[in-house]
Amino acid sequence: MDKPIRCRVCRKPLRSKESIDRGVGPTCAKHIPYKDISQIARKDVRYWIQEAYEDISTAYFLKRAGKRKLESAFFAHLAVEKAIKSLVAQNTHEVPPKIHNLVELAKRAGLHTTQDQREFLLMLNVYEIEGRYPAERAKILARTPDSRFEEILEKASGFIQWCTQRIK
């Protein structure tokens, strides 16, 4: 019996092979980019958004590994950062700055985010900065339930798709 093909992000069995046909690899409908990112004309923009999809895949992998929840949130931050940087590159025609504050990057990209999106970006910033230091790591893990990490990954995936929709 053949093993089912699984989504590279969430590892659930695929219901269709649309993502493979579109050239974005085995990805379920929930995680498939709304556009074929291989067709993005500007290489710099394409680079950043492809990296975002790779990093969100890594975030899901780390979450599935069990005890790497904080690292999965760190990679979710990295993925969202790169998705925003794709829009900074597109909208400013400059190399994105070497900063990691998601709210500041969104401003530089000229994104019109909702209040919920801004709050999510602010919350996600914690996992990039504070998650690097031992004393802070223990505090973050103690105050964050497991279900919150799954929510972070889902919202990050949604935000990356939202950014992908805005690429011209």
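Are Tyr-127 and Phe-149 buried or exposed? Tyr-127 is buried, and Phe-149 is buried as well; buried stands for under 20% relative accessible area, exposed for over 50%, and partly exposed for values in between (1.4 Å probe, protein chains only). The views below show a predicted model, in which local features need pLDDT of at least 70 and side-chain atom pairs count only at pLDDT 80 or more, while totals for chains, interfaces and linings use all residues. Residues are numbered from 1 along each chain as its sequence is written, and side-chain values use heavy atoms, with hydrogens and water left out.

**View 1. Overview of the protein chain, with seven helices and zero strands.** From the N terminus on, the order of elements is α-α-α-α-α-α-α. Helices (H or I, at least four residues) and strands (E, at least two) are DSSP runs, numbered from the N terminus. Of the 168 residues, 45% count as buried. The chain exposes about 9,400 Å², of which carbon and sulfur atoms supply 54%; accessible areas come from the Shrake-Rupley method with a 1.4 Å probe, and for residues only the protein chains shown count as cover. Among contacts (heavy atoms within 4.5 Å) with a separation of 6 or more, 55% join residues 24 or more positions apart.

**View 2. The largest nonpolar core, with 46 residues.** Such a core is a set of buried Ala, Val, Leu, Ile, Met, Phe, Trp, Tyr and Cys residues joined through side-chain atoms within 4.5 Å. Ile-49, Ile-56, Val-80, Ile-84, Leu-121, Tyr-127 and Ile-160 touch the most other members. Two or more residues each come from helices H2 (43-64), H3 (69-92), H4 (102-109), H5 (115-129) and H7 (146-165). H3 gives the largest share, 10 residues. In soluble globular proteins, nonpolar side chains tend to be buried together.

**View 3. Helix H3 and the residue that follows.** Of the 24 residues of H3, 18 are buried, so this helix is largely enclosed by the rest of the structure. At 1.5 Å a residue, H3 should span 34 Å, and its end C-alpha atoms are 34 Å apart, which agrees; the expected span is 1.5 Å times one less than the number of residues. His-93 follows H3 and has a positive phi, near 60 degrees.

View 4. Ser-86, in helix H3, counts as buried at 0% relative accessibility. Beyond residues up to four places away in sequence, Ser-86 touches Val-45, Trp-48, Ile-49 and Ile-167. Asp-55 belongs to helix H2 and is buried, with a relative accessible area of 8%. With neighbours within four places in sequence left aside, Asp-55 is in contact with Phe-75, Leu-78, Ala-79 and Lys-82.

**View 5. Aromatic pairs, four by count.** Rings of Phe, Tyr and Trp (its six-membered ring) pair if their centres lie within 6.5 Å; planes under 30 degrees apart count as stacked, over 60 as edge-to-face and the rest as tilted. The ring centres of Tyr-127 and Phe-149 are 6.1 Å apart and the planes lie at 65 degrees, so this pair is edge-to-face. Tyr-127 lies in helix H5 and Phe-149 in helix H7, so the pair ties together parts 22 residues apart in sequence. Phe-159 and Trp-162 form a tilted pair, 5.2 Å centre to centre with 35 degrees between the planes. Both are buried, and being three residues apart in helix H7, Phe-159 and Trp-162 are separated by about one helical turn.
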